[in-house]
Amino acid sequence: MTDDTRPAVRAELDYLDPRTTLGRQFIARGARVATELVEKRPVSIRDGRPVQDSFALDVQGFVLVDHRSAVTDFTDPAQLEGVYVPEVCRFVQEQLGADQVLSRGWELRRSVAPAEHGAQPPAGGVHVDYAPDHVPGMVARAYTRHFPDGPGFRRAVVTSTWRVFSPPPQDWPLALCDSRTTAADDGAPITTYFVDELPADPFGPVEHLRPVGSSWKVRYSPAHVWWYFPGMTRDEVLLIKLGDTGRGGAWAAPHAAFPDPAAQGAVPRHSIELRTFAYFS
């Protein structure tokens, strides 16, 4: 899986600059501003298509899976809530063999005109959606709220089900880092705030705001091994691990969107990601 002869593209990824001293990000409709410093690093991103059956969620931290959705319009909130959320929860439960699965909500992304349909632009910085120290408390609080009389859980796995519903090839595919090539000190937490309008000074006071979570931004390491799956269709998904209280295998897979220099005639990427908490009794 680390064979340098695999087909690859060369692209720059936005890593967390080690000189960053304050970690905040503010997310508004179709826009984002953050305080972290960014350094661009050229990396080789290998084509995972020739070996796509070799990936495993608990090894690399991600896997490509065929999954046909009954949704006809991924920009229709009613279909997303009524059809997509339950079908993805069933999909995750089947893939992981979990006892219960909770939806943590969906998010649309567009590489062009991201504010349409309440979407966000592609997430270009190398990141994991949740900081590792944030995961245990987060999944425990969610379990207590949703299953107040439940027996408890021995393990919780956080995932994102990531689907492109614009036709291939995509202009901004998703690069995924093999979890085995990351280290615990490769990243730092970034506190997230949802706001109606982006602040004029992201370094200013935030006492009036309530943080909604903490993500993990990743610093560059030459050890990182990157993969992507060009030409994804709406009938396949990437299942990406974002956290695991068991920590027996891959705990999470850092990822980042990037402009594919090899894509000819690429169309704007329109995608949906749905995060879930899976519990094992």
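## Cavities, pockets and salt bridges

Guide: The second largest cavity holds about 40 Å³ of space. Please note that this is a predicted model.

Visitor: Which residues line the second largest cavity?

Guide: Its lining is made up of Trp 162, Val 164, Gln 170, Pro 173, Leu 174, Phe 229, Met 232 and Leu 238. By class, 7 of the residues of this lining are nonpolar and 1 is polar, with no charged residue.

Visitor: How many cavities of 30 Å³ or more are there?

Guide: The count comes to 2 cavities of 30 Å³ or more. The largest cavity has a volume of about 90 Å³.

Visitor: And what lines the largest cavity?

Guide: The lining of the largest cavity includes Arg 109, His 127, Asp 129, Trp 162, Leu 174 and Glu 273. Its residues divide into 4 nonpolar, 3 polar and 4 charged.

Visitor: Which residue does Glu 273 meet in a salt bridge?

Guide: The side chain of Glu 273 meets that of Arg 109 in a salt bridge, at 3.0 Å from N to O. Glu 273 lies in strand S15 (residues 270-280) and Arg 109 in strand S6 (residues 100-110), so the pair ties together parts that are 164 residues apart in sequence.

Visitor: Is Glu 273 buried or exposed?

Guide: Glu 273 counts as buried, because its relative accessibility is 5% and the cut-off for buried is under 20%. Arg 109 is buried too, with a relative accessible area of 12%.

Visitor: Which residues are linked with them in a network of salt bridges?

Guide: The network links Glu 107, Arg 109, Asp 129, Glu 273 and Arg 275.

Visitor: Why can such side chains pair?

Guide: Side chains of opposite charge can pair when their charged atoms come close.

Visitor: How many salt bridges does the structure hold?

Guide: The structure holds 18 salt bridges. One of them joins the side chains of Asp 58 and Lys 241, at 2.5 Å from N to O. Asp 58 lies in the loop between strand S4 (38-47) and strand S5 (62-66), and Lys 241 in strand S13 (residues 236-244), so this pair ties together parts that are 183 residues apart in sequence.

Visitor: Are those two residues buried or exposed?

Guide: Asp 58 is partly exposed, with a relative accessible area of 41%. Lys 241, at 0% relative accessibility, counts as buried.

Visitor: Let us change topic. How much space lies in the largest pocket?

Guide: About 1,100 Å³ of space lies in the largest pocket. It is lined by 44 residues, and those nearest its centre are Gln 25, Ile 27, Thr 192, Phe 194 and Arg 275.

Visitor: Which element gives the largest share of that lining?

Guide: Strand S6 gives the largest share, with 6 residues. Among the other elements that supply at least two residues are strand S1 (8-16), helix H2 (135-146) and strand S10 (187-194). By class, the lining has 18 nonpolar, 13 polar and 13 charged residues.

Visitor: What about the second largest pocket?

Guide: The second largest pocket holds about 160 Å³ of space. Residues that line it include Arg 10, Tyr 15, Pro 42, Arg 46, Tyr 220 and Trp 226. The elements that give two or more residues to this lining are S1 and S4, and S4 gives the most, with 4 residues. By class, the lining of this pocket has 7 nonpolar, 3 polar and 2 charged residues.

Definitions and conventions:
Residues numbered from 1 in each chain as written. Predicted model: local features only at pLDDT ≥ 70, side-chain atom pairs only at ≥ 80, totals over all residues. Heavy atoms only, no water. Salt bridge = Lys/Arg side-chain N within 4 Å of Asp/Glu carboxyl O. Buried < 20%, exposed > 50% of the residue type's maximum accessible area, 1.4 Å probe, protein only. 1 Å grid on protein atoms, 1.4 Å probe; cavity = no way out; pocket = protein on both sides within 12 Å on 5 of 7 lines; lining within 4 Å. Points joined across faces, edges and corners; volume = space filled by probe spheres on them. Nonpolar A, V, L, I, M, F, W, Y, C, P; charged D, E, K, R; others polar.
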